[in-house]
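Here is a short tour for anyone meeting this structure for the first time. Have a look at the model, then read on.

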Amino acid sequence: GPIRYVARRTRASTFGPVLYERAVQAGLSRAREVVVLGDGAHWIWDLAEEHFPGAVQIVDLWHAKQHVWNVAHAVFGRGTAAGAIWAETVCTSLVQGQITALVTAIQALPPVAPPPGQCRSVPEVEAHYFARNAARMRYPLFRAQGMQVGSGIAEAACKTVVSTRAKRSGMRWTPVGLDR
């Protein structure tokens, strides 16, 4: 069917019902399977649980790789060869859905201090992120079922359909008009 977009400048608690309404209008009741693809933010999974219970939840692979690189930068420094080699190796585990191996690789790194004002180091935070989202990172299984594991199409739509259109030369929007 036709591609539909839903965008709002609002809280997740307000966005969820709008998204659900659009999904119903698009034929949600006829869907054999529902997939929620997100960047790993808690609010996305909360929204999925509330409005799309039983949906397959997938963490966008590109965003998950960013978390691997966060660890590499924190431990090895930005732009280092050692960090790049470590991150590429660990990203291979990620792509293969080997999240336990990925978490083990993070935990095997030398300890680093937490960032100023934080109580946990970047590797500790990211190891928890991967452990918490492991079921959402079964990429080989998802691909075998023909599911998307990247949100690039949606990200591009946000950029072109929403952002670029709203920011064209001479455009002036009221909040209500922009939401419409």
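## Before we start

To talk about how helices pack, we need axes: these are lines fitted to C-alpha atoms, for helices over the stretch in contact, and the angles between their N-to-C directions run from 0 to 180 degrees. Keep in mind that this is a predicted model.

## α3 against α6

Let's begin with helix α3, which covers residues 61-76. α3 packs on α6 at an angle of about 160 degrees, and their axes lie 9 Å apart. Because angles over 145 degrees count as roughly antiparallel, α3 is roughly antiparallel to α6. The crossing of these two helices, α3 and α6, is left-handed.

Who does the touching? On the α3 side you'll find Ala 64, His 67, Val 68, Asn 70, Val 71, Ala 74 and Val 75, while α6 brings Val 122, Pro 123, Glu 126, Tyr 129 and Phe 130. Sorted by type, the residues of this α3 and α6 contact come out as nine nonpolar, two polar and one charged.

## α3 against α4

Now for another partner of α3. With α4, the packing angle is about 150 degrees and the axes are 9 Å apart, which makes α3 roughly antiparallel to α4. The crossing of α3 and α4 is right-handed.

From α3, the residues that meet α4 include Leu 61, Lys 65, Trp 69 and Phe 76. Among those they meet in α4 are Ala 82, Trp 86, Glu 88 and Leu 94. The contact of α3 with α4 divides into 15 nonpolar residues, one polar and two charged.

## The nonpolar core

The largest nonpolar core holds 36 residues, and those with the most contacts inside it are Ala 64, Val 68, Trp 86, Leu 94, Phe 130, Met 137 and Tyr 139. Elements that give it two or more residues include α1 (12-25), α2 (42-51), β2 (56-59) and α7 (139-144). Which element gives the largest share of this core? That's α3, with six residues.

Val 68 is worth a look here. Leaving aside residues up to four places away in sequence, Val 68 touches Trp 86, Ala 87, Val 90, Cys 91, Leu 94, Leu 102 and Phe 130.

## A serine in a loop

Finally, find Ser 121, in the loop between α5 (99-107) and α6 (122-132). Is Ser 121 buried or exposed? Ser 121 is buried, because its relative accessible area is 5% and buried means under 20%. Not counting residues up to four places away in sequence, Ser 121 touches Val 112, Ala 113, Pro 114 and Pro 115.

Methods. Residues are numbered from 1 along each chain as its sequence is written. This is a predicted model: local features need pLDDT of at least 70, side-chain atom pairs count only at pLDDT 80 or more; totals for chains, interfaces and linings use all residues. Side-chain values use heavy atoms; hydrogens and water are left out. Helices (H or I, at least four residues) and strands (E, at least two) are DSSP runs, numbered from the N terminus. Buried means under 20% relative accessible area, exposed over 50%, partly exposed in between (1.4 Å probe, protein chains only). Contact means heavy atoms within 4.5 Å. Angles under 35 degrees count as roughly parallel, over 145 as roughly antiparallel, 65 to 115 as roughly perpendicular and the rest as oblique. A crossing is left-handed if the near helix is turned anticlockwise from the far one by less than a right angle, and right-handed if clockwise. Ala, Val, Leu, Ile, Met, Phe, Trp, Tyr, Cys and Pro count as nonpolar, Asp, Glu, Lys and Arg as charged, and the others, Gly among them, as polar. A nonpolar core is a set of buried Ala, Val, Leu, Ile, Met, Phe, Trp, Tyr and Cys residues joined through side-chain atoms within 4.5 Å.
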